[in-house]
Amino acid sequence: MTVDALTDVAGVRVGHATRTGDGRLTGTTVVLAPEGGAVAAVDVRGGGPGTKETDALDPRNVVQRVDAIVLTGGSAYGLDAASGVMAWLEENGRGVRVGPDPAHVVPVVPAACVFDLGRGGDFRARPDASTGRAAVEAAAATASGAPVPQGCVGAGTGAATGRLKGGIGTASTVLDSGITVAALVVANAAGSVMDPETGVLYGELYDGRVAYPEKKVHEAALRRLEESGAGRTPPPLNTTLAVVATDAGLTKAQAQKLAGTAHDGIARAVRPVHLLHDGDTVFTLATGTRPLAAHPLALNELLAAGADLVTRAIVRAVRAADPVDGPGGAWPSYGELYGRS
């Protein structure tokens, strides 16, 4: 049984720590790899990224497997959440072995952040090490294959997509080969996810089942967006983050290629993308429980699926989001304006 989420990749778990109220509208999401870690890679396309330990994932470098990936709000300040995840991993003996004692480990925890500072009203309300620890503990406490909460949770709590509320979304598929590919996205884009002429989500133009909103509904939505003033406060310092996971046995170079083509999924759902004030970043995790065929083009079906799933996950994030109207700004949700169906 699958749940159409990142956790359909066996052994991968997801935990959120959500911080709202008292000026906070932020949080952290941790993707926890199975025991023993997973092959990891990254591709950064945005011109203003906020990241940690991404150089360690270069195929030319020594680290082969990681135990967790952190996605967090709080801009560069929020990267402190990774410290809490590192502490938890060390306590559990997980990380790169660096000494004779099994406890002598250094966890490598790649992380990336989205900009949500001040969206709850307090610019200084941001994730820290305790938030990261809460998120990894939540991930560890879930059962294998558990559903993943979507919308305004974890790193997607304060997310915005253009003039609409953003959030967390996830999706998965099983390929004809039996390999599972899945994606989880924090949709926090400076670009728009919605066609201003019709109200349809760009990411839904690719699945062949587009239901265009009625003209009167779209006109009412445009009026509501104008009244809210959403997305008008400069600068639009936003970012879309994603983790693409698979149970295929990939090398670091193959995993990096998968992370790179997955960015196509962002480009289908967000316009424009990869600008100088974006930090668009995609990570890959490959658990290696299913062999990849030896044919040199066997990776192609994973590359295509990764991009498709990132698009689907962005659509789900936007559709699952709840509206926000508080001291830090107002962001209507797509569901509020057009319905959640």
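Modeller: Accessible areas here come from the Shrake-Rupley method with a 1.4 Å probe, and for residues only the protein chains shown count as cover. The protein exposes about 13,600 Å², and carbon and sulfur atoms supply 52% of that area. This is a predicted model, in which local features need pLDDT of at least 70, side-chain atom pairs count only at pLDDT 80 or more, and totals for chains, interfaces and linings use all residues. Residues are numbered from 1 along each chain as its sequence is written, and side-chain values use heavy atoms, with hydrogens and water left out.

Biologist: What share of the residues is buried?

Modeller: Of the 341 residues, 56% are buried, meaning under 20% relative accessible area (1.4 Å probe, protein chains only).

Biologist: How many helices and strands?

Modeller: There are 6 helices and 17 strands, taken as DSSP runs numbered from the N terminus (helices H or I, at least four residues; strands E, at least two).

Biologist: And what box do the C-alpha atoms fill?

Modeller: Roughly 65 × 45 × 35 Å, along the principal axes.

Biologist: Switching to pockets. Which residues line the second largest pocket?

Modeller: The lining includes Glu 204, Asp 207, Arg 268, Asp 308, Arg 312 and Arg 319. A pocket is an open set of points on a 1 Å grid over the protein atoms alone, where a 1.4 Å probe fits, with protein on both sides within 12 Å along at least five of seven lines; lining residues have an atom within 4 Å of a point.

Biologist: Which helix gives the most to that lining?

Modeller: Helix α5 (residues 300–320), with 6 residues.

Key:
Buried means under 20% relative accessible area, exposed over 50%, partly exposed in between (1.4 Å probe, protein chains only).
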